[in-house]
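Me: I would like to learn how to read a few features of a model. Please take me through them one by one.

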Amino acid sequence: MSLLDAARLVRENAYVPYSRFKVGAAVRTTSGAVYVGCNVENVAYPEGTCAEAGAIAAMVAAGETAIAEVCVIADCPTPVTPCGGCRQKLAEFGGKDVPVRLTTTDGAEWMTTIGELLPGAFDRTQMERS
Ligand code: THU
């Protein structure tokens, strides 16, 4: 199954009683394995989690930490873009050149990279003196 199909499929399971905005995310790791996540909202709104965070959590729970490719899908007018927090989460596990495919359910897409999504990311080299 393609990464896009994996993201499309998991999107159906999104728990979104408040926004009604379903998002699906899939990451492929350097091992070739695919991990998926959907957004999970909560009546206490800030407790909701994004699809990207779910996919990353599944990857780490499976013992992997190296993202090679990302795909995100939602039903929106232009390709869905990860929130700021998710950009930082992606940057934790994938290099600047890792491809990110941002899509809509009707087929629009933006091919970008983790580095392009989060220029000037805070990273571990900045803590080297500590
Ligand atoms: N959301 C994601 O899961 N990923 C994104 O890339 C954008 C936003 C979710 C969070 C919330 O459940 C809903 O979309 C509306 O913000």
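Me: Is Tyr18 buried, partly exposed or exposed?

Reply: Buried means under 20% relative accessible area, exposed over 50%, partly exposed in between (1.4 Å probe, protein chains only). Tyr18 has 37%, so it is partly exposed. Tyr45 is exposed at 60%.

Me: What should I know about the model and its numbering?

Reply: The model is predicted: local features need pLDDT of at least 70, side-chain atom pairs count only at pLDDT 80 or more, and totals for chains, interfaces and linings use all residues. Residues are numbered from 1 along each chain as its sequence is written, and side-chain values use heavy atoms, leaving out hydrogens and water.

Me: How many aromatic pairs does the structure hold?

Reply: Rings of Phe, Tyr and Trp (its six-membered ring) pair if their centres lie within 6.5 Å; planes under 30 degrees apart are stacked, over 60 edge-to-face, the rest tilted. The structure holds one such pair. Tyr18 and Tyr45 form it, tilted, with 5.4 Å centre to centre and 45 degrees between the planes.

Me: What does Met111 touch, leaving out residues up to four places away in sequence?

Reply: Contact means heavy atoms within 4.5 Å. Met111 touches Pro99, Val100 and Arg101 on that basis. Met111 is partly exposed, at 48% relative accessibility.

Me: Which residues does Val100 contact, leaving aside neighbours within four places in sequence?

Reply: Val100 is in contact with Val70, Trp110, Met111, Thr112, Thr113, Ile114 and Leu117.

Me: How far apart are the C-alpha atoms of Met111 and Pro79?

Reply: They are separated by 9.5 Å, and the two residues are 32 residues apart along the chain.
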